[in-house]
Amino acid sequence: MNVDLTALLAAVHMLIVLVMPILMVGLVNRTKSLWAGRKGPGLLQSGWDLLRLLRKQPVYSTAITPLFRAGAWVVLVASLLAALIAPILGPIAPLQFSRDFIFFAYTLGLARLFLMLSALDVGSSFEGMGAAREASFTAFVEPALFMLVGSAAIATGQTSFAGVIGQWHHAGSFPWLALPVVGVLFVLLQAESSRVPVDDPLTHLELTMVHEVMILDHSGPELAAMQYAAALKMTMYAGLIAALLNPVDPLTQTALCVLVSLAIMAGVAVAVGCVESLVARLRMRLVPAYLMLASLGAALCLGAAGWLARAA
């Protein structure tokens with residue numbers, strides 16, 4: 001493998017990780033505006049909002065401990081670390097090793113843990129309610145991710161996250177499982193990035209919030225870190241869908257591979273905006289059932305991948 005090309009792909013990967021979250025949010029908001037008959041904000045508006053928050057002085061409650069101040073930055077750093085493992089450009093990622101998908105899942109778990117701890121540290125009943133909901137929903141998200149990775153590992157024989165996702169389209173089971181796998185990943189995207197119908201990032205009703213209620217007491221740069229981390233998670237899962245569907249080899253057609261991946265990720269953002277424009281947020285008691293459907297779909301993919309591997 002060409003070392004210079006690998007370094008170039010790693011640099012492009014990191015550039016996508018840093019810039020694409022802003023564009024993803026912009027595409028979602030612009031799509032929702034078009035459905036509502038409005039022009040809507042510019043694609044870079046979320047970036048300007050983050051810069052505005054970075055210039056503000058944070059306001060702290062008198063009840064907090066240093067855990068609250070550290071929480072937002074741990075969430076951001078853990079999300080960035082997970083993004084280095086996520087295979088956005090196919091079978092290559094900047095941070096790649098055997099069974100790194102376990103590290104990926106529990107790096108996101110660490111971010112989620114500190115998100116909940118910083119919410120609980122305030123001592124607010126509303127934020128504690130949101131943390132409890134976040135913890136319960138997580139129990140339905142992680143099994144689906146591991147079963148999807150298991151399905152890809154059975155089909156490809158690879159052990160790294162980039163290998164199993166980026167090379168799955170070469171396996172014989174891929175034409176049969178591509179659509180349900182993309183569907184499961186899309187549900188995981190909605191859950192991890194707090195999008196409709198699992199959560200609503202624009203709601204102001206505390207009793208219906210999940211993610212937003214946990215960051216009510218954050219302000220200034222720490223609120224910017226939380227918002228950017230949520231957009232980064234949406235970018236990661238859109239990148240997984242892109243890596244799964246992109247048939248172009250990054251080692252032989254690098255520029256085309258990057259363009260196709262970006263186009264697929266943009267398409268995912270448009271799909272998120274369409275769903276949020278056409279579908280109402282689920283009632284809270286129905287969200288676990290919705291996430292269970294994703295786990296059930298992942299389990300069926302795992303069984304089908306095993307059966308197809310034995311039949312081959």
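**Cavities and helix packing**

Modeller: About 100 Å³ of space lies in the largest cavity. A cavity here is a set of points on a 1 Å grid over the protein atoms alone where a 1.4 Å probe fits but cannot get out. Volume is the space filled by probe spheres set on the points, which are joined across faces, edges and corners. This is a predicted model: local features need pLDDT of at least 70, side-chain atom pairs count only at pLDDT 80 or more, and totals for chains, interfaces and linings use all residues. Residues are numbered from 1 along each chain as its sequence is written, and side-chain values use heavy atoms, without hydrogens and water.

Biologist: Which residues line the largest cavity?

Modeller: Among them are Arg112, Glu134, Thr138, Glu192 and Asp199. Lining residues have an atom within 4 Å of a point.

Biologist: Which element gives the most to that lining?

Modeller: H5, with 4 residues. Helices are DSSP runs (H or I, at least four residues), numbered from the N terminus.

Biologist: And the second largest cavity, what volume?

Modeller: About 50 Å³. Helix H9 (residues 220-245) gives the most to its lining, with 4 residues. Glu134, Glu192 and Ser194 are among the lining residues there.

Biologist: Switching topic. At what angle do H4 and H5 pack?

Modeller: About 175°, with axes 10 Å apart. Axes are lines fitted to C-alpha atoms over the stretch in contact, and angles run from 0 to 180 degrees between N-to-C directions. H4 and H5 are therefore roughly antiparallel (over 145 degrees).

Note on methods
Helices (H or I, at least four residues) and strands (E, at least two) are DSSP runs, numbered from the N terminus. Angles under 35 degrees count as roughly parallel, over 145 as roughly antiparallel, 65 to 115 as roughly perpendicular and the rest as oblique. On a 1 Å grid over the protein atoms alone, a cavity is a set of points where a 1.4 Å probe fits but cannot get out, and a pocket is an open set with protein on both sides within 12 Å along at least five of seven lines; lining residues have an atom within 4 Å of a point.
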